[in-house]
Amino acid sequence: MDVHQRWIPRVALAGAALHLASGLADPRTRELVDAGLVGAVDGDQGREAILWFLALGLAFAALGELARWSVRATGRLPTRLGEWLVGIGVLVVVVEPASGGWLVLGLGGWTMWAVRRTASSSANHAAQTSR
């Protein structure tokens with residue numbers, strides 16, 4: 001397992017932690033709690049935005065945990081993880097160019113590169129040992 005395989009899940013989890021921390025620090029989160037959570041959005045766009053912000057942080061943490069588990073169990077990142085991250089990043093950047101979507105896009109590109117690099121190095125190793 002190379003350094004990229006180890007660090008990509010860590011970076012994803014750190015990004016998720018920052019996302020959740022900044023969402024929890026937002027005053028709109030307190031408004032949701034004060035409103036009793038159940039039905040608390042009630043058409044308020046600010047509360048809806050923070051709800052989705054927190055939900056995306058949790059989803060990003062889930063992707064980071066999946067990547068970490070995959071590296072521990074198989075020694076590799078999931079093949080499609082980078083593609084999913086690029087897709088999420090592109091969607092966010094198109095809708096909100098001044099956002100952290102660029103970081104997700106970069107992480108997705110890094111992940112795709114690391115997966116392909118590992119696959120080609122494994123193929124080269126297999127070819128050398130079969131001679």
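Arg-47 lies in helix H3, which spans residues 45-74; helices are DSSP runs of H or I with at least four residues, numbered from the N terminus. The model is predicted, so local features need pLDDT of at least 70 and side-chain atom pairs count only at pLDDT 80 or more, while totals for chains, interfaces and linings use all residues. Residues are numbered from 1 along each chain as its sequence is written, and side-chain values use heavy atoms, with hydrogens and water left out.

Leu-51 is also found in helix H3. The table sets out accessibility (buried under 20% relative accessible area, exposed over 50%, partly exposed in between, with a 1.4 Å probe and protein chains only) and contacts (heavy atoms within 4.5 Å), not counting residues up to four places away in sequence.

| Residue | Relative accessibility | Contacts |
|---|---|---|
| Leu-51 | 39%, partly exposed | Leu-32, Val-41 |

A pocket is an open set of points on a 1 Å grid over the protein atoms alone, where a 1.4 Å probe fits, with protein on both sides within 12 Å along at least five of seven lines; lining residues have an atom within 4 Å of a point. The largest pocket has a volume of about 690 Å³, the space filled by probe spheres set on points joined across faces, edges and corners. Among its 18 lining residues, His-19, Leu-56, Gly-100, Gly-101 and Val-104 are closest to the centre. Two or more lining residues come from each of helix H1 (3-25), H3, helix H4 (81-95) and helix H5 (101-129).
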